Amino acid sequence: MIHAAKGRYFKEVFFLPEGMKPIENPRLLTYIEDFKQNQNNENWNKVLGEIVMNAKFLMPARLDGADAPIDSDLAEMQAGSRLQFYMITSTDGKPFFLAFTDIEELKKWNLPEDGAKRQIVVMTFDDYASL
């Protein structure tokens, strides 16, 4: 079960409702950059610790089924609907769910033109690990 999303999602993929704080992970991005510069256990542990304890990720998904408007910017999944997360496959055949640190990184990914209702779900590491 995805507790972070609470069954609600943004109706527009790159739209953030007024007053809602954007998902950003500046400390994680700093730790990643530090690790790139100096690849040691201490820096790697900082990256992992931030991912597990504090980071929130944007995960693109598609909604199959009915939704109900909550207000002009949010909607809620209805009973019987399915939320499917997009996946990619590595060159060695391993599947991965997509998870982005912020909206700018998400915008770099080309969403497939599959006619689906595309949504962005905010998830923590624990939410992601439960998929």
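Is Asn45 buried, exposed or partly exposed? With a relative accessible area of 49%, Asn45 is partly exposed (buried is under 20% relative accessible area, exposed is over 50%, and partly exposed is in between, using a 1.4 Å probe and protein chains only). Some notes on the rest follow.

1. **What kind of model this is.** We're looking at a predicted model, where local features need pLDDT of at least 70 and side-chain atom pairs count only at pLDDT 80 or more, while totals for chains, interfaces and linings use all residues. Residues are numbered from 1 along each chain as its sequence is written, and side-chain values use heavy atoms, with hydrogens and water left out.

2. **Confidence.** The average pLDDT (the predictor's confidence in each residue, from 0 to 100) is 77 for the protein chain, and 65% of the residues score at least 70. Over residues 1–15 pLDDT stays under 50, and for that stretch the model has 53 contacts beyond four places in sequence (a contact means heavy atoms within 4.5 Å). Where pLDDT is low, the predicted coordinates should not be read in detail.

3. **Overall layout.** The protein chain has four helices and eight strands. These are DSSP runs numbered from the N terminus: helices are H or I with at least four residues, strands are E with at least two. Read from the N terminus, the order is β-α-α-β-β-β-β-β-β-α-β-α. Of the 131 residues, 27% are buried. Take the contacts between residues at least 6 apart in sequence: 69% of them join residues at least 24 apart.

4. **Helix H2, length and cap.** H2 covers residues 41–53, and at 1.5 Å a residue its 13 residues should span 18 Å; the end C-alpha atoms are 18 Å apart, so the two agree (the expected span is 1.5 Å times one less than the number of residues). Asn40 caps the N-terminal end of H2, with a side-chain oxygen 3.2 Å from the backbone nitrogen of Glu42. For reference, a polar contact is a pair of N or O atoms within 3.5 Å; within protein, one must be able to donate a hydrogen and the other to accept it, and residues adjacent in sequence count only if both atoms are side-chain atoms.

5. **Helix H2, two faces.** Which residues of H2 are buried? They are Asn43, Val47 and Glu50. They cover an arc of only 70° around the axis, which puts them on the same side of H2 (the arc is that of the directions from the helix axis to the C-beta atoms). The buried residues of H2 pack against helix H1 (26–37). On the face turned away from the buried side sit the exposed residues Asn41, Glu42 and Met53. Back to Asn45, which is also found in H2: its C-alpha is 9.4 Å from that of Phe35, 10 residues away in sequence.

6. Side chains of opposite charge can pair when their charged atoms come close. The rule used here is a side-chain nitrogen of Lys or Arg within 4 Å of a carboxyl oxygen of Asp or Glu, and the count comes to five salt bridges. One of them joins the side chains of Arg27 and Glu50 (3.0 Å, N to O). That pair links distant parts of the chain, with Arg27 in helix H1 and Glu50 in helix H2, 23 residues apart. Arg27 is partly exposed at 44% relative accessible area, whereas Glu50 is buried at 8%.

7. Glu105 and Lys108 form another salt bridge, at 2.9 Å, N to O. Here Glu105 counts as partly exposed at 32%, while Lys108 is exposed at 61%.

8. **Two buried spots to look at.** Thr101 lies in the loop between strand S7 (95–97) and helix H3 (103–107), and counts as buried at 12% relative accessibility. Leaving out residues up to four places away in sequence, Thr101 touches Ile23, Glu24, Asn25, Leu28, Leu29, Lys56 and Phe57. Val122 is in strand S8 (residues 117–124) and is buried, with a relative accessible area of 17%.
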